[in-house]
Structure formats: C-alpha cells, structure tokens
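User: Hi! I'm new to this one, could you walk me through it?
Analyst: Happy to, here it is.
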Amino acid sequence: MLPNFPAQVPEGLAPKNRTVEMNDTLYQYLVAHSVRETDLLTRLRKETAQYHMSRMQLSPEVGQFLALLVKLMSPKKLLEIGVFTGYSTLSIAQAMNKDAKLIALEKKQMWLDIANRYIDEAGLCDQVQTICGKALESLQPFVEFESESFDFIFIDADKANLIEYYHQCKQLLRKGGCMAIDNTLWWGNVANTSFTDKDTNIVRQLNTLVHQDDTVDVSLLSIGDGLTLVRKK
Ligand SMILES: C[S@@+](CC[C@H](N)C(=O)[O-])C[C@H]1O[C@@H](n2cnc3c(N)ncnc32)[C@H](O)[C@@H]1O
C-alpha cells in the first residue's frame with residue numbers, strides 16, 4: 001500500500017503557528033518542568049530498563065498526561081490494551097477514583113508478573129484486573145456483553161491488530177467516552193515515504209481512518225511517539 005500523504009493541509013495554515021520542533025535540549029526542559037513521577041513509577045522505569053525491550057515503555061510525560069486526563073474525566077470503567085511492565089497501567093490506575101476499575105490486557109505473562117507486583121505494591125489490586133492473552137480474544141466477552149459502557153480506553157499494543165482494536169474499542173466506548181491511542185506518529189516514520197513496512201502503513205491507515213471518522217472528535221498530539229485522542233460523539 002502506498003503511503004496516503006501528503007494529506008490536505010488546511011488552506012492558509014501559517015507555518016509560524018506550527019507545533020514546536022522537539023530537539024533533545026527542549027525535550028529535557030519539558031521533562032524537567034513537567035514530569036512529576038511517583039517513586040513507584042521511577043522504580044518501575046528503572047527495573048524495566050534492564051530489558052532490551054524497554055524501549056516499548058511509555059514515556060513519563062505521556063504517562064503523566066494520561067493520568068491528568070483520568071483526573072479530569074473521573075472515568076469509572078477503564079480499559080487498556082498493552083500493559084508491558086505496567087507503566088501506563090500504574091500511571092492511569094494511580095489517578096483513578098476509588099470507585100473506578102481498570103481492565104488491562106497483555107499477552108505475555110512475564111510482563112504481567114512485573115506489572116502485577118507494582119499494582120500490588122500500590123494497593124490497587126482491587127481496582128485493576130489484568131488479563132493475560134491475545135487482546136482480540138480477551139476483548140470478545142466485553143464486546144459481546146459490555147458495549148458502550150467504557151469511559152476511557154488506552155491502546156498501546158501490537159500494530160498488526162490496531163485497526164481492529166480501534167473498531168472494537170469504539171464499540172466499547174460510551175458516547176462521550178475517550179480513547180487514547182499511542183504511537184500514532186510512529187517514530188516520525190508515518191510522514192517519511194521511504195518507510196513502507198507493514199506497521200508503518202497500518203499506523204498511517206489508522207490515522208486516515210480516525211481523521212475521516214465523523215462519529216468521533218479527534219486530536220493527534222505530538223507528545224511522546226504521537227498520541228491520538230478520540231471522543232465518541
Ligand atoms: C508498547 S508495549 C506497551 C507499553 C505499556 N503501555 C507501558 O506503558 O509500558 C506493547 C505491549 O503489547 C503487548 N502485546 C503485543 N501484541 C499483543 C496482543 N495481540 N495482545 C495483547 N498484548 C499484546 C506486548 O507484549 C507489549 O507488552
């Protein structure tokens with residue numbers, strides 16, 4: 001599939017109004033003046049750093065942004081796809097009200113063992129249910145019996161199933177509910193025609209799909225690896 005860009009840029013959009021370019025120095029400034037990581041999250045990040053997959057971990061500023069969203073929205077029923085060692089799970093869960101519940105899906109038990117340890121330490125076992133298995137399979141009973149009931153959903157798993165996650169999660173969201181999708185700028189590769197691999201093309205496909213979906217409000221934020229926020233109309 002050919003990359004579907006350059007997309008139409010709204011006429012008259014002045015380049016001077018564009019999102020600021022992020023170099024290392026500015027990024028360090030941003031983190032130093034924004035991120036307030038809890039001790040538990042810092043420990044989790046350090047423990048995860050020993051694995052060569054640690055690059056998969058959510059960046060602290062995105063974790064904190066998700067936590068802020070959760071505090072602003074006070075969702076009661078939350079879903080996450082792609083736990084890894086639990087950085088996003090913990091960021092979200094620590095921000096939830098006491099009556100909120102998070103269901104978190106992950107296919108690898110070895111990552112859940114780490115995540116569950118931190119969830120336990122945070123005293124959040126009663127509020128967070130982790131489910132081990134392929135997400136599309138784990139989602140089935142929710143899609144069948146709990147449609148339009150989730151207030152907040154975070155998608156951060158494999159790209160192969162991304163489009164299907166989007167459709168199913170939209171079905172699970174209540175009207176007015178919010179979905180956040182990570183990696184939607186995909187290391188910047190989405191806008192580079194020399195990348196024609198499967199995952200990059202799927203992320204491009206998702207971005208086009210969401211942009212053209214008039215059943216949702218949308219914003220693609222240039223934070224972390226790109227974070228798309230969707231509100232179901
Ligand atoms: C980018 S990482 C998630 C990072 C995590 N949100 C964090 O904050 O650290 C993606 C995770 O999705 C999991 N995953 C990949 N394919 C999956 C699938 N089909 N079902 C469930 N989990 C899957 C991977 O094992 C990996 O842990």
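Analyst: Let's start at one residue: N183 counts as buried, with 23 C-beta neighbours inside 10 Å. Here a residue is buried if 20 or more other C-beta atoms lie within 10 Å of its own, exposed if 12 or fewer, and partly exposed in between, with C-beta atoms placed from the backbone.

User: What's the phi of N183?
Analyst: Phi of N183 is near 70°, a positive value in a residue other than glycine. N183 sits in the loop between β5 and α8. Helices (H or I, at least four residues) and strands (E, at least two) are DSSP runs, numbered from the N terminus.

User: Before I go on, what kind of model is this?
Analyst: This is a predicted model: local features need pLDDT of at least 70, side-chain atom pairs count only at pLDDT 80 or more, and totals for chains, interfaces and linings use all residues. Residues are numbered from 1 along each chain as its sequence is written.

User: And E148, buried or exposed?
Analyst: E148 is exposed, with 12 other C-beta atoms within 10 Å. Its phi is near 55°, a positive value in a residue other than glycine, and E148 is found in the loop between α6 and β4.

User: Zooming out, how many helices and strands are there in the protein?
Analyst: The protein has eight helices and seven strands. Its radius of gyration is 18 Å, close to the 17 Å that the globule rule gives for 233 residues, so the protein is as compact as a globular protein of that length. That radius is taken over C-alpha atoms, and the rule is 2.2 Å times the number of residues to the power 0.38. Buried residues make up 34% of the 233 residues.

User: In what order do the strands form the sheet?
Analyst: The seven strands form an open sheet in the order β3-β2-β1-β4-β5-β7-β6, with mixed pairing. Two strands pair if DSSP finds at least two bridges between them. β3 (128-132) and β6 stand at the edges, each with a single partner strand, so one side of each is left without a neighbour in the sheet. The twist averages 15° from one strand to the next; axes are lines fitted to C-alpha atoms, for helices over the stretch in contact, and angles run from 0 to 180 degrees between N-to-C directions.

User: Which way do β6 and β7 run?
Analyst: β6 (residues 216-221) and β7 (residues 227-232) run antiparallel, joined by six bridges. S219 stands opposite L229 in β7. Their hairpin has five residues between the strands, and G224 there takes a positive phi near 55°.

User: How many bridges join β4 to β5?
Analyst: Five bridges join β4 (residues 150-155) to β5 (residues 173-182), and these strands run parallel. The bridge partner of F152 in β5 is C178.

User: Now α7, which of its residues are buried?
Analyst: In α7 (residues 162-172), the buried residues are L162, Y165, Y166, Q168, C169 and L172. They pack against β1 (77-81), α6 (135-145), β4, β5 and α8 (198-212). A contact here means that the C-beta atoms of two residues, placed from the backbone, lie within 7 Å.

User: Last topic: how many residues surround the ligand?
Analyst: 20 residues surround the ligand, the closest being L58, G82, S88, A135 and D158. A residue is near a molecule or strand if its C-beta atom, placed from the backbone, lies within 6 Å of it. The elements that give two or more residues to this shell are α4 (87-94) and β2.
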